[in-house]
Amino acid sequence: MNKTDKKHYKIFISSPNDVKDERMRAVRVIEKIQTELGERIRLEPIIWEEHYYTADKDFQAQIDRPSLCDMVVCILWSRLGSPLPEQYWKDGKSKTGTEWEFEDAMASAKERHIPHILMYRKDAAMTCPPQNLKTADTDFQCVETFWKQWFCNEQGLSIAASQKFQSTDDFEKQFEAHFREWLSEQTEEVVWSIEQKGSPFRGLEAFDVEHAPVFFGRSRVIRETRARLITSTFRGCGFLLITGMSGSGKSSLLRAGLGLCLTRPGAFPNVDAWRQVTIRPGSGDNPLATLAEAFFETSALPELADGDCPTREEMLQAWREAPSQALRPVGAAISRVTKHIAENDGYDRNVHLRCLVLIDQLEELFAFSKEQQHDFATVIDALARGDRCVVVATLRSDMYTELKTIPQLWTLKDDGGQYTLSPPGPAEIRDIILKPAQAAGLEFEENPDTGEHLAERLERAAGSPGALPLLQFTLDQLFEQRDTEKGLLRFADYDAMGGLEGAIGTHADAIFSNLEEEQHAALPTVILKLVTVRPENPEIVLSRPVSKDAFTTLPEALPLIDAFVAPEARLFVVDGHGESSTVRVAHDALLSHWEKAKTIIEEAKPALQYRARLSQEATAWAIEVQKSEKPRPDLLITSTLFLTEARKLFKQHKLELSSQDQKFLKLSLKRTRRATRLRQFAIAGLIGLTGLTGWMYVRADTQRARAERQKEFALSAVNRLTFDIPEKLSTIPGMLHISRQIFEDNIAMLDRIMAEEPKTPSVTHQRIANIVQTGNMWVTLGNIEKARTAYNSASRTAQNLADSDPGNAQWQRDLSVSYERIGDLLATTGDTDGARQQYEKSQQIFQRLADSDPGNAQGQRDLSVSYNKIGDLLATTGDTDGAKKAYEQDLSITQRLADSDPGNAQWQRDLMVSYYKLSRLDFALHQHDKALALLKKGLAIMEPLVQRDPKNAVWQNDVQVLRREIEALQQE
């Protein structure tokens with residue numbers, strides 16, 4: 001087919017109203033591709049909804065003729081549309097609009113070979129009310145007659161090309177592929193010009209707005225997150241938290257997907273225009289200052305300079321003095337913008353503009369002081385709850401529980417919305433691989449012997465969770481090593497780099513090997529500067545941006561950084577310019593898939609943990625010194641043990657500190673000349689108790705008369721160490737590793753007891769409890785794999801114990817709890833199907849236990865919690881009917897328990913939670929009256945409880961949330 005330099009294409013979409021959804025999807029596909037093409041080519045979809053019609057002519061006469069267009073898209077299902085006036089009839093036979101449009105296009109196509117015609121027919125069951133069956137049958141017979149005339153003869157043989165589809169999503173997928181192929185045949189234009197834009201793959205970097213033309217595979221997720229944000233905004237809280245495991249594509253979704261989608265015309269109800277603010281909290285020394293600076297960017301609200309806070313510093317000061325009033329200067333600037341738009345564009349009505357605030361990698365906020373976290377969260381809360389901004393944030397799922405330490409954000413998430421980003425499925429992975437290549441005119445090599453395409457091998461390799469950054473990096477490396485003449489990505493290059501798992505390490509080693517020996521020696525310093533860990537969660541390694549000036553003390557580091565930043569490497573990224581420039585790792589996958597970096601970090605983890613703790617304390621101290629203008633020695637670290645160990649580890653690993661941290665360490669050392677013991681030191685005695693009780697039990701082996709008493713004492717001590725002491729330690733910062741050690745020592749001692757007496761069910765039960773608690777601790781510490789191992793071990797042991805005595809309710813409950821924990825873990829990692837299977841297995845056991853002992857309140861509450869978890873999971877996946885059924889079953893149990901003991905505060909609060917969750921579901925289903933009634937019932941429960949115990953912070957928060965939701969519903 002001859003290509004042309006034509007710049008304007010008309011696409012006529014002919015379809016009756018029974019396929020209106022497909023018609024609008026076709027328009028959306030065309031608009032998406034138009035966005036990719038920019039102004040180089042104009043694509044004009046023609047549909048009857050977008051025209052106005054005057055009374056002096058009929059409808060058909062006032063819309064472009066299909067024969068004058070470049071493409072005609074016909075979509076049919078159950079009817080042909082409305083009949084036309086007599087002037088459109090042929091041989092005295094009436095015609096519908098769809099028939100006339102198709103025949104007009106077909107006559108022209110036969111004569112002039114234009115327009116090109118794509119015919120789609122929906123192959124899905126039709127439903128209609130009984131009273132309309134006769135009409136529906138007549139309509140369908142008309143479609144059949146038309147079809148046999150043009151596409152399929154009486155013998156069932158095809159006489160013209162057409163496409164069938166099952167659903168609207170299926171149609172969209174087919175049409176987009178066909179339209180892109182057609183467009184590439186019409187024009188020389190390539191959507192992604194390699195000469196101008198380089199690789200269509202992002203390597204380890206996130207997709208941004210400019211990469212939207214090659215951002216594929218997330219259409220469903222974009223639709224779902226958009227819908228969830230719109231729902232929460234109309235409820236009065238414009239906030240959405242997107243959680244997902246590292247490497248699930250959160251940043252790219254935020255920047256190139258959802259952010260771009262929301263700001264397109266008509267994407268968000270009642271919004272005419274947008275401004276956008278995008279930040280990473282950790283890209284500066286103070287997250288609130290970073291946010292204030294971002295608001296003054298050109299794409300955000302530079303009009304702030306004309307208001308009461310004309311500079312970033314004045315805005316920051318205003319926010320610090322009254323963070324809950326953060327919306328005032330922003331709202332005033334937006335009002336000035338909308339007034340200007342209305343005057344310039346001739347609007348008579350009010351113009352509605354919103355500011356979209358995108359917060360990427362919210363987990364970086366946890367590295368700052370509690371006061372900085374509070375100020376930032378309060379400002380974000382004020383912005384999201386106003387009517388001028390909407391806020392979307394991303395958060396690593398292994399840091400999700402940390403969000404509870406910032407109550408404003410936790411409540412904001414509950415009042416707004418949350419979306420768990422699952423890893424892409426096979427079809428989405430296929431789009432991620434193939435469509436950017438297609439947009440750039442690239443092809444994947446085919447093995448002539450097996451017929452396998454390289455894209456197919458990549459798709460299989462990318463099936464595991466967290467593989468997305470590895471896939472993007474591998475694709476980018478294949479692009480760099482491609483056959484440039486043929487635009488071919490090759491098997492040999494893929495194999496040479498070690499496949500998906502080996503690509504990052506192979507590339508990093510190649511860049512590293514080209515450096516001088518003295519530059520090699522700088523690698524540990526550079527890597528350890530660019531990473532941190534949570535003081536309480538040393539297993540979670542996070543990258544962090546660092547000022548490039550921080551490396552000037554080590555001259556050998558700068559050539560290494562430059563080599564890793566270079567276009568041929570793209571392993572590090574430099575943001576900003578000049579003195580304000582910062583260096584960061586392109587993606588955390590470099591830290592986990594390059595052996596040199598992994599070894600450096602693993603060996604230095606204790607030092608990193610000490611540095612993180614010191615830095616956190618130093619930041620809090622510096623803020624208070626600045627506020628009070630006093631030295632504040634009371635905030636210095638007083639533990640000689642901590643300071644001595646920290647200094648030793650810093651020296652051992654050549655770990656450099658910021659000037660603020662150095663000053664804080666020096667002052668703390670100066671103040672603590674005499675030795676003091678760290679709180680952990682006192683806890684060591686408790687751990688020793690585990691060893692003591694084990695020794696006592698082993699000695700008892702030679703004194704059988706006392707063995708049972710010794711064993712019972714040992715088990716009693718283990719029980720206390722399992723449940724009482726770790727619960728108290730959990731409230732003390734930095735104690736999680738102590739708790740973990742307690743659990744592991746408990747398990748070791750129980751194994752010794754079981755070696756002496758293998759068939760002791762009570763010991764096995766204790767062992768299961770400790771393994772589950774260890775798994776819980778690994779979840780908190782962010783090590784999902786170790787948590788999974790612990791839970792699976794507990795499940796196997798519990799299964800054996802339950803099988804040995806099916807009538808023992810405690811053994812059955814242990815098994816059910818182990819299933820539930822595995823379900824929690826799978827839900828956290830985005831495996832909703834796997835989580836549902838585990839929850840249902842757990843629920844079946846709890847149901848049997850509850851049925852066998854209806855009077856057991858704990859058993860009834862276990863069953864209630866089980867239904868609640870299933871409901872939460874189904875609500876997250878969009879199965880509102882299933883979620884509602886589960887919540888209603890939960891409500892029936894909590895109602896019975898609350899009625900049986902009105903004085904039991906826990907059961908009363910359980911009932912309130914059941915009402916609350918059902919109310920949120922009713923709101924999502926637009927049943928606002930039902931939602932309001934349920935919220936009022938919940939408030940009627942909680943208000944007396946608060947009066948009974950006004951100091952209970954949880955109950956106070958419950959009442960505030962309920963009142964806020966009731967007020968928001970009453971205002972609608």
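The model is predicted, with local features requiring pLDDT of at least 70 and side-chain atom pairs counted only at pLDDT 80 or more, while totals for chains, interfaces and linings use all residues. Residues are numbered from 1 along each chain as its sequence is written, and side-chain values use heavy atoms, with hydrogens and water left out.

Begin by selecting V392, F444, L458, L471, F564, F572 and L590, which touch the most other members of the largest nonpolar core, a set of 109 residues. A nonpolar core here is a set of buried Ala, Val, Leu, Ile, Met, Phe, Trp, Tyr and Cys residues joined through side-chain atoms within 4.5 Å; buried means under 20% relative accessible area, exposed over 50%, and partly exposed in between (1.4 Å probe, protein chains only). Next, colour helix α22, residues 595–628, which gives the most to this core, with 11 residues; helices (H or I, at least four residues) and strands (E, at least two) are DSSP runs, numbered from the N terminus.

Then centre on F444, whose contacts (heavy atoms within 4.5 Å) include I433, L434, A437, H453 and L488, with residues up to four places away in sequence not counted. Apart from this core lies another, of 61 residues, and selecting Y791, I870, A905 and V959 shows some of its members.

For the charged pairs, a search of the whole structure finds 55 salt bridges, each being a side-chain nitrogen of Lys or Arg within 4 Å of a carboxyl oxygen of Asp or Glu. Select R25 and D169, whose side chains meet in one of these at 2.8 Å, N to O. R25 lies in helix α1 (residues 20–37) and D169 in helix α4 (residues 168–186), so the pair ties together parts that are 144 residues apart in sequence. R25 is buried at 15% relative accessible area, whereas D169 is partly exposed at 40%.

Finish within helix α6, where E224 and R220 are 4 residues apart, a separation of about one helical turn, and their side chains form a salt bridge at 3.1 Å, N to O.
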